[in-house]
Amino acid sequence: MKKTFAALAVLGICMSNASAQSNVTIYGIIDAGISRVVNSNGTRTLVEPGQMLPSRWGFRGEENLGGGLKARFGLEGLLQNDVGGAGIPTGTPSTTALFDREATVGLSGGFGAVNLGRQNSLSMITIIPADPQGVAFAASNPNILFSAGNSAPAFGAYGANNGGSAVRQSNSIRYTSPYYKNFGFAVMRAFGEQPGSTEKNKYESVAGFYHTGPLNVSAVATRMKNITAGEEVKSYIVGARYVRSRVTLRSTYSASRVDATRRKISVFGVGADYLVAPAVTLTAAAYNIRRSGDLDDDAQEAIVIAKYALSKRSNLYATVGAARTGSVVTATQVDLAQNYVAVGSDSAKRFTTGMQHFF
């Protein structure tokens, strides 16, 4: 018993010292909505997580080392709160990671910030402030699917994840500069860690940012290779956000091209937020998605979102949206309205209502 009390005392002292030297935060988002999706070949009703923002939980911490230098870490995992699960399987063979959204450690200071581990790609960082619908409906959002690379059929073979999404990159290092006269930049490299060549499954990206007053503009160029280094996909994104009184305007354009097949997928999006009242926001957004080079295909999506803030931490929302593809979707093609227009259909309407809570 005395040994037990002694061990607990030592643990308490260690925890006290750790908390005195660093700041650790537990945080998360729980978002769930019920959707009615009406395709031309059938109707589905679903309870889904992460409609306005992906449900997640995480830990972040920071320690002041003195002289403006700080050590930090971030651990964040996706929550499938409709079924009580966590994470999304990625890679080949497929595995589910506890902290699939972020697992990083790094340093920051006057020189900028360096982070190592699994983290958002620069494409995703560029999309977040500029996406016309505020990165809502991540599973079917054209910018997240095709601009940031979340579509496994289109981008799963490229980059350092060895299958699955390219939105985040494992085994990566990212440097972000401080802003100088409203300009900043970032560079990122992820290593495929394949034997024989550093080119296999590699990811390389560079981004530039400009921010002044109400205007935020960003651009990013990326290239990723497959597991043999025999194929490469190159992409670029330009995004802008302008805030003025009650109105926020957002627009993006992206294009990606596979060198071996000449497949090109481009996305143009435009949208606006309007603050109707202190607790009520309306969002309207539209996208045009086009495929060319190897074959011609296209899709269009439009959505209206209404949000009501119950408090600083809790929101209600309701949405109505529609999507149409240029041809009937087949099981073997890259669906340009993925997770929206179902196989065997060429159009869909979606009605969603739900709630999100921040903690």
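**Exercise 1. Which strands each supply at least two residues of the nonpolar patch?**

Solution. β13 (247-258) and β14 (264-277) each supply at least two of its residues; strands here are DSSP runs (E, at least two residues), numbered from the N terminus. The model is predicted, with local features needing pLDDT of at least 70 and side-chain atom pairs pLDDT 80 or more, while totals for chains, interfaces and linings use all residues. Residues are numbered from 1 along each chain as its sequence is written, and side-chain values use heavy atoms, without hydrogens and water.

Next, list the members: Tyr242, Val247, Leu249, Tyr274, Val276 and Leu282 make a patch of about 470 Å². Patch residues have over 30% relative accessible area and no salt bridge, and nonpolar side chains are joined within 5 Å. A salt bridge puts a side-chain nitrogen of Lys or Arg within 4 Å of a carboxyl oxygen of Asp or Glu. Areas come from the Shrake-Rupley method with a 1.4 Å probe.

Then take one member. Leu249 lies in β13 and is partly exposed because its relative accessibility is 42% (buried is under 20%, exposed over 50%, partly exposed in between).

**Exercise 2. Trace the pairing of strand β9 (residues 183-190) and the directions of its side chains.**

Solution. First, β8 (residues 168-176) pairs antiparallel with β9 over five bridges; pairing requires at least two DSSP bridges. The two form a hairpin with six residues between them, and Lys181 in the turn has a positive phi of about 50 degrees.

Second, β9 runs antiparallel to β10 (residues 203-212), joined by eight bridges. Arg189 is the bridge partner of Ile173 and also of Glu204 in β10.

**Exercise 3. Which residues touch the most other members of the largest nonpolar core?**

Solution. They are Leu122, Phe146, Ile265 and Ile289, in a core of 40 residues. A nonpolar core is a set of buried Ala, Val, Leu, Ile, Met, Phe, Trp, Tyr and Cys residues joined through side-chain atoms within 4.5 Å. Contacts of Leu122 beyond four places in sequence include Ala186, Met188 and Val206.

Definitions and conventions. Buried < 20%, exposed > 50% of the residue type's maximum accessible area, 1.4 Å probe, protein only. Contact = heavy atoms within 4.5 Å. Patch = residues over 30% accessible without salt bridge, like charges linked within 9 Å, V, L, I, M, F, W, Y side chains within 5 Å. Helix = DSSP H or I, 4+ residues; strand = E, 2+ residues; numbered from the N terminus.
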